[in-house]
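User: I would like to learn how to read a predicted complex of this kind, feature by feature. Could we begin with how strands are said to pair?

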Amino acid sequence: MLQLSKNPTIDTAVKLAGVTVAMFAFVFVVMVPLYNVLCDVLGINGKTSGEAYTAVEVKVDTGRTIKIQFIASNNAGMPWEFGATVPMMKVHPGAVNDVLFFAKNPMPSAMVAQAIPSISPTRAIEYFHKTECFCFNQQPLDGESSAQMPLQFIVDQDLPADIKTITLSYTLFDVTDMANSAVAKR
Amino acid sequence: MGDHHHGPAKGLTRWITTTNHKDIGSMYLWFSFAMFILGGAFAMIIRAELFQPGLQLVEPGFFNQMTTMHGLVMVFGAIMPSFVGLANWMIPMMIGAPDMALPRMNNLSFWILPPSFIMLACTLFMDGGAPQAGWTFYAPLSTTYAPPSVTFFIFSVHLLGVSSIMGSINIIATVMNLRAPGMTYMKMPLFVWTWLITAFLLVAVMPVLAGAVTMMLMDVHFGTSFFSAAGGGDPVLFQHVFWFFGHPEVYIIILPAFGVVSQIIPTFSRKRLFGYDSMVYATASIAFLSFIVWAHHMFTVGMPVAGELFFMYATMLIAVPTGVKVFNWVTTMWRGSLTFETPMMFSIGFLILFTIGGFTGLMLAIAPVDFQYHDSYFVVAHFHYVMVAGAIFSMSAAIYYWLPKWCGRMYNEKMGQLHFWVSFVGFNLAFFPQHFVGLAGMPRRIPDYALQFTDFNMMSSIGAFIYGAAQILFLYNVIATIVSGKPTSEEKTWEGAEGLEWTVATPAPYHTFETPPPVK
């Protein structure tokens with residue numbers, strides 16, 4: 001067996017200290033990613049895929065109409081005005097749809113924002129494909145200016161028949177500090 | 001080597017600089033008793049508020065701080081350090097070692113604790129008050145909606161985690177390296193076995209708790225979103241990480257108690273422990289199973305059905321090794337020459353009440369019915385039956401059992417019996433009615449309740465006050481024994497006692513087993 005010290009007591013203690021460090025690391029490098037992977041695979045906590053979806057042989061299913069609701073909210077302390085230009089859309093599975101969100105920075109200084117998406121019901125997650133989304137990137141805005149932010153999505157034609165309404169929610173985060181420090185590092 | 005046989009140093013510095021396992025054990029025990037009184041005071045405030053429906057004494061926010069602090073102080077301040085203290089005192093004496101393997105670290109691991117708990121107690125006086133999210137401090141209550149004092153709470157948890165880990169490393173190193181020649185693993189007293197396994201559990205899961213509070217710290221101060229759904233995280237992740245620590249933690253609390261009872265019941269039955277080997281294997285099985293059942297604390301979060309079934313069956317499986325243990329204790333008493341001194345009374349009380357707590361645990365393990373019991377007073381009743389009647393009763397038994405060996409004076413048997421009976425009646429009066437109000441729908445952690453729960457809550461409060469008063473009796477008994485108990489110098493305080501600790505002089509000298517004893 002591995003011998004780390006000639007003194008058997010120190011040997012035991014050092015090995016156990018190693019176990020302690022390994023278990024602490026285990027939380028961050030195994031438990032958290034594993035939880036996210038499992039939720040992703042099982043689709044159980046509303047997280048959407050961060051990847052753009054490339055459509056394959058789109059067949060528009062005009063026989064069905066799905067209601068898409070948009071919810072936009074600000075994280076605590078975020079001063080921007082943020083919302084969808086329309087509260088709700090009716091779409092057919094398979095069709096490519098566009099919608100605009102708007103954002104306004106009322107503050108005098110430039111800020112950077114990041115939107116984090118979530119979808120309900122969770123079973124709809126794997127059938128909701130975003131081909132273009134402002135949430136893929138950070139959104140910088142100069143002081144007292146505003147922007148239109150595009151979202152393009154396709155509802156999969158394989159969406160289970162019992163799902164008639166999908167709610168897409170965005171929360172806007174102030175990431176100015178993080179963005180600035182990333183710039184400073186460069 | 002010249003002053004190898006010196007006694008303890010004089011004055012306060014003795015206690016600050018000591019590396020003697022008996023001194024450190026005593027400090028742990030006194031510290032944990034102080035925390036027991038503090039946590040008990042919080043419980044008295046809770047029960048006083050719940051004596052009647054409506055808001056009488058405290059604000060709801062303060063009530064939440066009380067439930068939170070009561071749980072934290074009792075689990076981390078009273079129960080865990082008390083068993084570490086017992087381990088310090090008894091393990092070297094039980095395995096024929098001169099001291100713990102790492103005496104300086106032993107000193108450090110104790111002296112980290114008082115500052116840590118002083119800091120935790122200070123949060124009560126800070127702006128916004130103490131943490132109020134319950135002892136399980138679920139996010140986002142403990143992150144987004146926490147008072148600013150949560151940062152101090154996190155640091156406090158880090159410190160006591162470090163202390164526990166160092167204490168456990170010390171215990172493992174002692175048991176693995178300092179056993180007297182001939183003391184094979186399967187000859188070790190069961191208290192040593194249960195502590196060895198407990199120490200491994202601690203080393204494995206205290207870092208997980210540290211990880212959970214570190215993630216909280218990062219969410220609160222450094223802009224991460226581990227537990228914030230709005231930022232792409234998930235509050236349910238907190239519950240998984242917490243209970244991955246939390247479930248082994250409950251066995252960390254109860255396994256040493258099993259060990260104590262396994263020492264005491266054979267002594268007063270004047271028989272060897274029935275099924276020693278199966279006791280060891282049962283303890284190890286419980287420890288292993290504790291790692292794969294954590295999600296039974298969170299059946300209602302919306303797990304896939306397969307997950308609910310897995311955690312339900314795995315949880316029920318724990319009843320098997322636990323049942324083996326209860327069977328062995330009962331069988332040890334079967335046809336023994338029983339006498340009922342105070343340690344034995346507390347052990348039998350433990351056996352009966354812990355088994356009741358085990359059965360309610362089985363009820364809670366059934367996933368479909370847990371949806372009714374979840375977060376109700378039924379859960380409160382369940383875990384007080386296993387924590388108080390399990391850990392605290394066995395700790396009381398241990399004190400009465402070994403106190404004569406420690407201080408060379410006998411406690412007053414009548415006073416000991418009185419302490420037991422007042423505790424037993426008070427405990428059951430306090431917690432048995434909580435099963436009923438829980439099943440009838442009273443949620444836990446509320447300062448006010450519906451009128452139909454009034455009578456049972458009143459009984460509960462009266463029982464809690466009686467149980468609290470009994471602990472003052474306990475303190476009196478211990479001090480009276482140390483100061484003016486009947487001196488005894490018999491090596492074996494109890495005629496039926498077995499083990500190396502009963503071969504040293506009474507009171508136990510400052511240094512024991514400087515040369516390893518022979519082990520048959």
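Analyst: Two strands are taken to pair if DSSP finds at least two bridges between them. This is a predicted model, and in it strand β6 (residues 128-133) of chain A and β8(A) pair in the antiparallel sense over five bridges. Within that general idea one can look at single positions, where A:His129 stands opposite A:Ile154 in β8(A).

User: Which strand does β4 (residues 96-105) of chain A pair with, and over how many bridges?

Analyst: Strand β4 of chain A is joined by ten bridges to strand β8 (residues 145-155) of chain A, and the two run antiparallel. At one position along β8(A), A:Ser146 has A:Lys104 standing opposite.

User: How do the elements of chain A run from the N terminus on?

Analyst: The order is α-β-β-β-β-β-β-β-β-β-α, which comes to two helices and nine strands. For the contacts in chain A with a separation of 6 or more, 72% are accounted for by residues 24 or more positions apart. Of the 186 residues in chain A, buried residues make up 24%.

User: How many residues does each chain bring to the contact between them?

Analyst: Chain A brings 25 residues and chain B brings 26 residues. On the side of chain A that touches chain B, the elements giving two or more residues are α1 (8-42), β5 (111-120) and β9 (165-174) of chain A, and α1(A) gives the most, with 16 residues. Read by class, that side of chain A has 17 nonpolar, seven polar and one charged residues.

User: What scores does the model carry, and what is the mean pLDDT of chain B?

Analyst: The model scores ipTM 0.84 and pTM 0.85. For chain B the mean pLDDT is 94, with 99% of its residues reaching 70 or more.

Terms used: Residues are numbered from 1 along each chain as its sequence is written. Chains are lettered from A and ligands numbered from 1 in the order in which they are written. This is a predicted model: local features need pLDDT of at least 70, side-chain atom pairs count only at pLDDT 80 or more; totals for chains, interfaces and linings use all residues. Two residues are in contact if their C-beta atoms, placed from the backbone, lie within 7 Å. Helices (H or I, at least four residues) and strands (E, at least two) are DSSP runs, numbered from the N terminus. Ala, Val, Leu, Ile, Met, Phe, Trp, Tyr, Cys and Pro count as nonpolar, Asp, Glu, Lys and Arg as charged, and the others, Gly among them, as polar. pLDDT is the predictor's confidence in each residue, from 0 to 100. A residue is buried if 20 or more other C-beta atoms lie within 10 Å of its own, exposed if 12 or fewer, and partly exposed in between; C-beta atoms are placed from the backbone.
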